[in-house]
Amino acid sequence: MSNFYDDLETRSSDAREAAQLAVLNANIERIAAAPGACRIETGALGALSDLVRLPVLRKSDLTQWQADNPPFGGIPVNNITHVFQSPGPIYEPGGMSHDWWRMGRFLHAVGIGAGDVVQNCFGYHLTPAGMIFESGARAVGATVLPAGTGQTELQVQAAKAVGSTAYAGTPDYLKVILDKAAEMNVTLGITRAAVGGGALFPALRQEYADRGILCLQCYATADLGNIAYESPDFNSPVSPPEGMIVDEGVIVEIVTPGTGNPVSAGDVGEVVVTSLNPDYPLVRFATGDLSAVMPGQSPCGRTNMRIKGWMGRADQTTKIKGMFVRPEQVAALVARHDAILKARVIATRDGAQDVMTVQVEATGVSPDDIADAVVATLKMKGRVEVMAPGSLPKDGLVIEDQRSYE
């Protein structure tokens, strides 16, 4: 098996941008011609960096679009064979064309290919996870056992009977299967695991390694398919992966939560993804997840940008004094006052009372100068602390809840 899924993984950054820009502009042209709220009022972009000019699409927007224009909110779709439902509810289309969700690239990196039998323990009912991984398995020529979750004893029996060599599912459920197999005195042949949908803790990864199983994780969503994935270092296969490589079929931006503004290189921010899938084009779709760009190139030889993986939730909406404070409001505070470079809201307690402290990076202003803007944008009074530029943490938090109710 080749180390790489295709030549796209090792192309130059210039070649990648040119190819992605061409597909992106074709998708934008189709969206611009669509009726309804999903339309993008813009011409062709001259560079991928011009994406910053376009609005961010949030799940709340998509939910409303779909309610007004079911099932997909007016977004132009093609070649659709399935409709899935996620909480919200949000409806996602699915297709049967080759590697429609781009999961084959990840499975190939794990070492899964022709001759493997993948025990697919992702769900198949309403939600698309099962089909997403099945599509990837078909793309690399593997056979699929559509196992879903539950009935662990039957899972063990089936894995033994059909000769499962690989696992796809949440990180922790494989351990449940392996422990049940040990209890039943059954030896399974699973040597690779492609996981997602939950945290893969280092101790669990090591436990799988001790059992002779290479376990790697991906970052994917029902709306977008595969976004980023881990890959082993072929020169040092026992070393843990260094971050996640961005998939070739998406463009990833890291922005300040509540805005569409890119963070400085290496800072933590919200993951915003543009899908290049012509069958279901999503432009600047906000995932609500936090991550950061990693410098340098992956030691595995793939050349695309890397991110640090999932680092928390960007939707930091917090109720303070009975009122919700949202990241968008913090962004509006920064935009409202020319002197403010960055802001952070901190919720604490003073006895039985909530306290809101607003820290701002600014020069040449006093807390009193900011007070009116705080009330106008956050709809309540709070303490204001003026900080030196660059002094606030670069952890992606714009609202920090420090309250304890113990």
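## Overall fold

The protein chain contains nine helices and 20 strands, taken as DSSP runs of H or I with at least four residues for helices and of E with at least two for strands. Its radius of gyration, calculated over C-alpha atoms, is 23 Å, close to the 22 Å that the globule rule gives for 406 residues, so the chain is as compact as a globular protein of that length. That rule is 2.2 Å times the number of residues to the power 0.38. The C-alpha trace spans about 70 × 55 × 45 Å along its principal axes.

This is a predicted model, in which local features need pLDDT of at least 70 and side-chain atom pairs count only at pLDDT 80 or more, while totals for chains, interfaces and linings use all residues. Residues are numbered from 1 along each chain as its sequence is written, and side-chain values use heavy atoms, without hydrogens and water.

## Burial and cores

Of the 406 residues, 51% are buried, meaning under 20% relative accessible area with a 1.4 Å probe, protein chains only. A nonpolar core joins buried Ala, Val, Leu, Ile, Met, Phe, Trp, Tyr and Cys residues through side-chain atoms within 4.5 Å. The largest one has 47 residues, and F106, L107, I112, F133 and V252 have the most contacts inside it. Apart from it lies another core, of 21 residues, including I340, V365, V374 and L378.

## Contacts

Beyond its neighbours within four places in sequence, L107 is in contact (heavy atoms within 4.5 Å) with I112, F133, G136, A137, V140 and A194. Across the protein chain, 64% of the contacts with a separation of 6 or more are between residues 24 or more positions apart.

Methods. Buried < 20%, exposed > 50% of the residue type's maximum accessible area, 1.4 Å probe, protein only.
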